[in-house]
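This report walks through one structure, from the whole chain down to single residues. Start with the sequence and the model below.

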Amino acid sequence: MITALRDSPRQDAGIAEFASESIVIIDLQGAISYWNPVAERLFGWPGLAVGGAAIADLSAAPDDEARAWSQLLQEGVWEGQIRRLTRDGDVRVAEARRYLRHDEAGVPHDVVEYARLAQAANDEDISGSSAPDAAMAASWEIDLTPAAEILDRIDAQSRTSEGDDRGDLCRRLLEAARIVDVNERTARLVGGNRGRALMKGQSVASFWPVASRAILAELILQAFGDSEGRRFRRRLASDGILREPLVTIWRAGADRPGHLFITVNGAADDDRSYLFLRASEARYRKLVHYMPVALWQVDASHMGKIYADLRSRGITDFGQYLDDHPELVELAASSVPVTDVNRSAIELVGGKDAQDLIGPVGYLFTESPASLRRVMIGRFRGDRNYSELMKLRSLDGRVLDVRFSVTYPEPLVELDTTIFSLEDMTERLQMETQLRQVQADFSHAARIATLGELTSSIAHEVNQPLAAIMTNAETSLRWLARAEPDIAKLRQLTTRIAASARRADDIVQRIRSMSVKQTPEPVALSLNDVVRESLLFVHHEIERRAIRVTTTYSRDLPPVVGDRIQLQQVIVNLIINAVHAVEGQEETEREILVATGAEGDSATFSLQDNGPGIAPEHLGRIFDGFFTTKAQGMGIGLAICQSIVTAHGGVVSASNRTGGGAEFRVALPRARSLK
């Protein structure tokens with residue numbers, strides 16, 4: 001209602017809203033500060049229109065009103081008949097009682113008037129004046145100042161009878177017109193979960209039913225063009241909100257230029273009781289308010305119209321359009337309003353109350369401006385929702401990692417409402433980083449343990465090129481000791497020494513790469529190359545145990561994306577386990593089969609042995625951490641293999657072969673693209 005009603009008279013309004021009499025509160029200067037629903041019904045004036053008006057200006061008998069007011073101030077009470085002008089210019093006679101109220105210090109404070117219809121003195125029978133919802137008008141005060149240019153164009157068009165875009169101009173008129181205030185019934189009927197405070201300042205078109213917007217625009221034009229302040233009415237068809245509502249519009253007084261008052265009378269078009277509807281709304285608001293997820297309600301309706309216009313102009317690549325017109329992103333950041341938030345949202349960003357978060361939506365994207373661009377692209381494409389991780393700067397300066405999700409409005413829904421939900425992921429991401437570090441440490445420890453197990457193989461690998469270097473060097477010295485050195489022979493021996501040195505360096509670098517702790521580097525890889533390199537680590541162990549290894553490499557293997565060292569670690573670990581499994585067999589029967597292949601969008605590596613296989617009771621636990629069947633085993637090798645493969649988006653599995661032995665299989669997804 002008016003400003004005065006937000007002060008002390010507002011405290012009286014709770015009970016007065018449901019009183020069976022007209023109750024009006026008047027300050028000592030005679031200005032109306034409260035006007036209850038029955039007063040609206042009895043005298044026809046909505047509270048929005050009479051707030052702040054002089055009570056004497058509504059009297060059909062000014063002299064009688066002056067005498068009554070004087071007596072009231074002298075005696076503190078007055079009772080009698082009043083003759084009051086209705087909104088339509090008629091006279092309504094009522095039996096009234098007025099009381100002068102005092103504050104705690106005994107100083108006169110204001111006047112309370114109680115009134116009932118004087119039935120015998122009125123031609124019209126007004127029944128049911130208690131205060132049911134149906135008897136109370138839904139009242140609006142709107143401001144047409146933002147639509148001044150549109151009004152001028154409509155006026156010019158009507159005088160020249162030119163142009164055929166009147167319907168579009170009327171639509172834009174309602175979009176430009178702003179809500180100054182509404183009463184509680186309007187907020188209940190069309191405000192959804194926003195409430196009166198959040199409806200103020202928003203477009204009339206955002207709340208008025210679509211079916212009757214054209215009629216409303218015509219009524220507005222009639223009232224705005226009338227200099228005498230007459231009322232203009234239209235009975236509307238039932239719209240699912242009110243049954244056959246009667247809309248009345250008239251210009252506000254000279255003290256409110258450009259403003260109109262609108263009242264809508266009619267019974268709620270719903271069989272459920274008012275109390276049931278209010279309780280349902282209260283439950284909904286409470287549910288949303290106390291949800292543990294931070295929620296923002298956003299009105300992006302005007303951006304939806306821009307998108308529709310761009311599509312009608314043939315724009316299909318909206319991302320490229322935004323690259324060429326970055327100002328559109330800036331427009332969205334500065335003009336799309338947040339209309340409501342819940343308690344979790346206030347807590348997340350460190351606000352004091354909802355008003356700290358009500359305003360242009362841009363503050364959510366100060367740390368991640370590209371996120372707003374992606375949200376806009378999703379809306380343009382017609383997506384139902386969108387989600388990503390982004391940075392958020394809170395009102396108190398903290399930078400948070402949040403999971404940002406958007407639920408877009410459904411097409412053709414009247415209220416274009418977008419919902420943002422934000423979940424604080426800061427601690428979770430920190431924990432995931434720490435977990436990855438622990439996994440990397442375990443993986444490194446496992447590689448060191450594997451290298452320790454291969455000590456003899458490593459020594460053998462290094463000794464071979466060193467022995468070749470020594471032999472060729474000694475031979476070179478003997479050739480140099482001759483009276484006539486053979487230069488060609490010396491060149492050949494020196495070349496062999498250099499080749500052996502390079503081989504030794506390759507071995508050292510291979511071992512060093514396995515032993516050094518480093519951050520994983522995902523690159524496009526050939527799984528065939530990774531398997532071949534892994535076999536080099538263990539070929540001495542295989543030869544020393546007289547194991548026959550059969551390799552089959554697929555020619556049509558798709559590339560994968562992964563860290564070369566980690567994937568080598570997986571394959572080496574699986575091969576060593578197979579070596580241990582078959583060494584209990586006779587030397588002539590020890591066999592390991594290694595193969596790569598392609599299945600769908602995956603590259604696969606399989607390893608089969610003819611050892612004793614895996615005990616059935618152990619198959620379900622084979623990849624569990626610290627599970628082992630070896631006396632000296634740590635039980636982390638296969639667990640780390642699984643974590644590495646999973647981190648690469650793949651799957652590792654173990655099974656027993658039908659003819660005996662075990663089979664391990666790794667499937668890695670095909671490489672898509674690297675940016």
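Among contacts between residues at least 6 apart in sequence, 64% join residues at least 24 apart. The model is a predicted one. The chain has 675 residues, and 44% of them count as buried. Its secondary structure comprises 21 helices and 23 strands.

**Helices in this report**

| Helix | Residues |
|---|---|
| H4 | 62-75 |
| H6 | 166-176 |
| H8 | 196-199 |
| H9 | 213-224 |

**Helix H4**

Take the length of H4 to begin with. The helix has 14 residues, and at 1.5 Å a residue they should span 20 Å. The C-alpha atoms at its ends are 20 Å apart, so the expectation and the model agree.

Which residues of H4 are buried? They are Glu65, Ala68, Trp69 and Leu72. These residues cover an arc of only 100 degrees around the axis, which means that they sit on the same side of H4. An α-helix has 3.6 residues a turn, so residues three or four places apart point the same way.

The other side of H4 carries exposed residues: Asp63, Arg67, Gln74 and Glu75. What covers the buried residues? The cover includes four strands: S1 (22-27), S3 (77-85), S4 (91-102) and S5 (108-117). Just after H4 comes Gly76, with a positive phi of about 85 degrees.

**Helices H6 and H9**

Two packed helices are described by the angle between their axes and the distance between the axes. For H6 and H9, the axes come within 9 Å and cross at roughly 85 degrees. An angle of 65 to 115 degrees counts as roughly perpendicular, so H6 is roughly perpendicular to H9.

Which residues meet there? H6 contributes Arg166, Cys170, Leu173 and Leu174. H9 contributes Arg213, Leu216, Ala217, Glu218, Ile220 and Leu221. By class, this contact has 7 nonpolar residues, 3 charged residues and no polar ones.

**Leu198**

Leu198 lies in helix H8. Is Leu198 buried or exposed? Its relative accessible area is 12%. Buried means under 20%, so Leu198 is buried.

Contacts of Leu198 beyond its neighbours within four places in sequence are with Thr339, Asp340, Gln355 and Ile358. Asp181 is 17 residues from Leu198 along the chain, and their C-alpha atoms are separated by 9.9 Å.

Notes: Residues are numbered from 1 along each chain as its sequence is written. This is a predicted model: local features need pLDDT of at least 70, side-chain atom pairs count only at pLDDT 80 or more; totals for chains, interfaces and linings use all residues. Side-chain values use heavy atoms; hydrogens and water are left out. Helices (H or I, at least four residues) and strands (E, at least two) are DSSP runs, numbered from the N terminus. The expected span of a helix is 1.5 Å times one less than its number of residues. Buried means under 20% relative accessible area, exposed over 50%, partly exposed in between (1.4 Å probe, protein chains only). The arc is that of the directions from the helix axis to the C-beta atoms. Contact means heavy atoms within 4.5 Å. Axes are lines fitted to C-alpha atoms, for helices over the stretch in contact, and angles run from 0 to 180 degrees between N-to-C directions. Angles under 35 degrees count as roughly parallel, over 145 as roughly antiparallel, 65 to 115 as roughly perpendicular and the rest as oblique. Ala, Val, Leu, Ile, Met, Phe, Trp, Tyr, Cys and Pro count as nonpolar, Asp, Glu, Lys and Arg as charged, and the others, Gly among them, as polar.
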